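Let's take a walk through this protein model together. Keep the picture open while you read, and look up each residue as we get to it.

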Amino acid sequence: MKKDKLFYTLMKSYIFFALTMGIVNVLFLVILIRPISGSIDITLDWLLLFILLFGLNVWGYSLWMAGRITKPLEKIADGVQQMAEGRYQQRLDFEAGYEFGVIQRHFNEMAANLERTEEENRRLESGRQQMLVDISHDLKTPITTIQGYAKALQLGLVDNEEQKDKYLRLIYNKAVLVSDLIEDIFSLSTLESPEYPLSATSGDLAELIREIAAEYYDQFEDKGFNLELNIPSGEVPVRCDFKLMRRAVSNLVSNALQHNSSGTKVSISVEETSDKAIVHIIDDGAGIPDALKEMVFEPFVRGDLSRRSDGGTGLGLAIAKKTAELHGGRLELDNRGGLTAFQLVLNKD
């Protein structure tokens, strides 16, 4: 059996060593025995020759053992030491038999996994710190504005009623923005909890998309967007938490509205396969840079690479993606061909 290969190899080497020593001893005795007298005449030269042959045999066997066992063990011990000190880039690379080869392969796999885990931990820590910075920025900006306008009103620096109304509207709008941000942060943290209570029911996805399109229709009209709908007239059955799904799709539609200008064409469609329901939200507007494609679903990432206090909370796409994943689906972005195409894939009921 392969797992016993090293054991049998060592046994054969010991037997070979013993036979070699036996042959050396027999030859030595044959040479030294006097046939006539039957006596053994040991001279210094023959004794030195015997010692030399014995030493060469032991030296050769030691070299074989060192190459077969000692060196791999030294490399493994060094690799373990390097890993214990946090240097997960260490890899084993030596020629050895089956057992040491298995150890080497599993060690390298473990080291690679630990290296990936360490890198992921660094990325998560960096992301956590960046999120705290972003939260602080997005809260500080509108709060500072609220404080400034409120102070001006408190000190009576504004005596024009029209100007007062303007300041009050700005204060209200900034307060709403802060409230939305806090609500989105809470929603995202709740969705990331493994104990999130998903209230899934059976329903019609097509009807949900029609309702959302109707809710945003006036905003599309006001901004001069060209809205195109392609929603099946029949039922598209899915099982999901429709409150969460409404918000996820609304976030995608709102994203198209916020980040594009007049004249943009927005297409909202629903596609069916044998086991999937797919919502497509596509626009030909400003687009999302390739550099952001992989991170656009991260919290506080915005498609224009800028931090704007009036461009939404930066959490909408993150919430939409997490919602899709909670339902066993996925949310993907395809920004090829000058289009921004979001695809929400769900399992059919």
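This is a predicted model: local features need pLDDT of at least 70, side-chain atom pairs count only at pLDDT 80 or more; totals for chains, interfaces and linings use all residues.

## A hairpin and its neighbour

β4 and β5 make a hairpin, with three residues between them.

Residues are numbered from 1 along each chain as its sequence is written, and side-chain values use heavy atoms, with hydrogens and water left out.

So what is pLDDT? It's the predictor's confidence in each residue, from 0 to 100. The chain averages 78, and 74% of the residues score at least 70. Confidence is highest in β5, at 94, and lowest in helix α1 (residues 5-32), with a mean of 64. Over residues 304-310 the pLDDT is below 50, and this stretch has 12 contacts in the model beyond near neighbours in sequence.

## The nonpolar core

Now for the inside. A nonpolar core is a set of buried Ala, Val, Leu, Ile, Met, Phe, Trp, Tyr and Cys residues joined through side-chain atoms within 4.5 Å. The largest one has 38 residues, and those touching the most other members are L205, I209, V253, L331, F342 and L344. Among the elements that give two or more residues to this core are α5 (205-222), α6 (242-258), β4 (265-272) and β5 (276-283). α6 gives the largest share, eight residues.

What does F342 touch, leaving aside neighbours within four places in sequence? Its contacts (heavy atoms within 4.5 Å) include L252, V279, I281, F297 and L331.

T323 is worth a look too: this residue lies in helix α7. It counts as buried because its relative accessibility is 0%; buried means under 20% relative accessible area, exposed over 50%, and partly exposed in between (1.4 Å probe, protein chains only). Not counting residues up to four places away in sequence, T323 touches L191, L244, M245 and A248.

## Rings that meet

The structure holds three aromatic pairs. Rings of Phe, Tyr and Trp (its six-membered ring) pair if their centres lie within 6.5 Å; planes under 30 degrees apart are stacked, over 60 edge-to-face, and the rest tilted. One of the pairs is Y149 with Y167, which is tilted: 4.5 Å centre to centre, with 45° between the planes. Y149 sits in helix α3 (residues 98-154) and Y167 in helix α4 (residues 161-191), 18 residues apart. Y149 is partly exposed at 24% relative accessibility, whereas Y167 is buried at 16%.

F220 and F225 make another tilted pair, because their centres are 5.8 Å apart and their planes are at 55°. F220 is buried at 1% relative accessibility, and F225 is buried at 5%.

Terms used
Helices (H or I, at least four residues) and strands (E, at least two) are DSSP runs, numbered from the N terminus. Two strands pair if DSSP finds at least two bridges between them.
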